[in-house]
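Please consult it alongside the model shown below.

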Amino acid sequence: MTTGKVAQPARTPGVSQTDVVVESIRQLIVEGRLRPGDRLPVEKDLAAAFGVSRNPLREGVRALSMMGVLETRQGDGTYVTTLDPSMLLAPIGFVVDLQHGSGTPHLHAVRRVLETEAAALAARQIGPADLEAAAELLRHNESELTLVEPNHETVIENDIAFHRIIAEAADNPVLAALINALGGRTMRDRLRRSISQPGADETAHREHLSILAALTAQDPDRARTRMAAHLFTVEDYLRDEGP
């Protein structure tokens, strides 16, 4: 990137210098003038190019680093990351974790929309290794559920891993990243249902087996329908019990 060719952005009243830095770097990436793996110019040149002082520049770089856009390497400078969707969308999980009360059912509804389509996509192309990995998780849960006092957290962790396999098998990294970003909040709700609702784990296990059967048969319509039915059970629980 040649700093001399960077046009200083027009100043908008009320916009801080830090915001100018964030927007300027975003624009450079969007325009292709900064690409994944590129090293940013030295601080003095970049500050001059953006028409800002160094402190706001550092704050803007820090903000973009927290967002997964930039990476500062000690003694080596600041670089654009790979811009991998899983990294860029991870902050959504923080926002999701702040949701509570009436917002919780909406999160689960979004999760259902995403995961039902992921199941349909996965059914078209999931391979033997992923099918076996999913089946192994269900076998672990089946063994856990035979115990007098099954570990609900273990069951839910295997549940999440099962859903993650399906999301990744859909071969859409953005879709998988969004689904994973919703995992933290929905895990707590699923765990609450697992503990408080008798038979919830066993019901979920049967539903997972049904989903796996549809995936194994490479039947997108059944995979989509069975995933939707499975996820509706959590939504129904939240509706009846409250968030």
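R73 lies over the face of Y79, at 3.8 Å from the ring centre; a charge counts as over a ring if NZ of Lys or CZ of Arg is within 6 Å of the ring centre and within 35 degrees of the ring normal. The model is predicted: local features need pLDDT of at least 70, side-chain atom pairs count only at pLDDT 80 or more, and totals for chains, interfaces and linings use all residues. Residues are numbered from 1 along each chain as its sequence is written, and side-chain values use heavy atoms, with hydrogens and water left out.

**Largest pocket**
- The largest pocket has a volume of about 200 Å³, the volume being the space filled by probe spheres set on the grid points.
- A pocket is an open set of points on a 1 Å grid where a 1.4 Å probe fits, with protein on both sides within 12 Å along at least five of seven lines; lining residues have an atom within 4 Å of a point.
- Its lining includes R39, E43, R58, T72 and G77.
- By class, six lining residues are nonpolar, three polar and three charged.
- α2 (43-50), α3 (54-66) and β2 (77-80) each supply at least two lining residues, and α3 gives the most, with three.

**Helix α11**
- Helices (H or I, at least four residues) and strands (E, at least two) are DSSP runs, numbered from the N terminus.
- α11 (residues 200-216) has 17 residues and spans 24 Å from first to last C-alpha, close to the 24 Å expected at 1.5 Å a residue.
- Q218, which follows α11, has a positive phi near 55°.

Key: Ala, Val, Leu, Ile, Met, Phe, Trp, Tyr, Cys and Pro count as nonpolar, Asp, Glu, Lys and Arg as charged, and the others, Gly among them, as polar. The expected span of a helix is 1.5 Å times one less than its number of residues.
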